[in-house]
Amino acid sequence: MKEELIARVVQVLRINMSWMTWNLFLAFIPLALSVWLFRIKRGRTWLWWLGFLVFYAFLPNAPYLLTDVIHLIDDIRTIQSVWMITLVLIPVYLLVIFAGFQAYVISLINWGYYLHRIGKSEWILRLELITHALCAVGIYWGRFLRFNSWDFITQPDALLTKGVEEILGKQPLVIIAITFVILVGLYWIMKRVTLGFVLQPKNGYAIKTQAVNSNTPNT
């Protein structure tokens, strides 16, 4: 019985590893781009702007991992063991979801660092809120309409017609609004944790951001 349970857990994890690895890869693309775009001093050439568009196209993939918790419900029904679920399954899901959302947080911190560096600190709050809203739409498109980031190139017509038509309905707007609120709340918490305990010892952006926040509210 014990061997069967362990075999079932291994099977579930093996199945999940494929989509978890792929989704994490997509989540870390905007993180890598944010370092290249915002942390390395370079001119805003056409290549920079192209990278910036790709950055925003892939950015929703990072917080999208929050919605993968729906797979956890099916896995719990499959395993049906409190100990295995508590000690193995839930920690794996938490680690993957945390890694994805942390990539989102650091990507936006890098974006804010760039704005601060070019003297546009007052734009940080509004651009963060706009980004949360765009990502809420992107998450809806990805989870419910099954669009991918590269569909901006492969099928832009479907994205602009079906995608826009769908989000104008009452239910999609409610879902997007709830997603937006969740993103704002989690980002507000994780940004302060990251700046306070991770990035602050390495550079002065956290200190500078706090100085800006004394006059300008931020998320």
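**View 1. Glu128 and Lys191 are both buried.** Here, buried means under 20% relative accessible area, exposed means over 50%, and partly exposed is in between (1.4 Å probe, protein chains only). The side chains of Glu128 and Lys191 meet in a salt bridge, 2.9 Å from N to O. A salt bridge is a side-chain nitrogen of Lys or Arg within 4 Å of a carboxyl oxygen of Asp or Glu. This pair ties together distant parts of the chain, with Glu128 in helix H6 and Lys191 in helix H9 (residues 170–199), 63 residues apart. A quick note on the model: it is predicted, so local features need pLDDT of at least 70 and side-chain atom pairs count only at pLDDT 80 or more, while totals for chains, interfaces and linings use all residues. Residues are numbered from 1 along each chain as its sequence is written, and side-chain values use heavy atoms, with hydrogens and water left out.

**View 2. The chain has ten helices and zero strands.** Helices (H or I, at least four residues) and strands (E, at least two) are DSSP runs, numbered from the N terminus. Of the 219 residues in the chain, 43% are buried.

**View 3. Arg143 pairs up with Asp68 in a salt bridge, with the closest N and O atoms 2.7 Å apart.** Arg143 sits in helix H6 (residues 124–144) and Asp68 in the loop between helix H3 (61–64) and H4, 75 residues apart. Arg143 counts as buried because its relative accessible area is 15%, and Asp68 is buried too, at 2%.

View 4. Asp74 has 44% relative accessibility, so it counts as partly exposed; Arg77, at 57%, is exposed. The salt bridges in the chain come to three.

**View 5. Helix H4 (residues 69–79) packs with helix H5 (residues 82–117).** The angle is about 165° and the axes are 11 Å apart. That makes H4 roughly antiparallel to H5, a label for angles over 145 degrees. Axes are lines fitted to C-alpha atoms, for helices over the stretch in contact, and angles run from 0 to 180 degrees between N-to-C directions.

Technical notes. Parallel < 35°, antiparallel > 145°, perpendicular 65-115°, else oblique.
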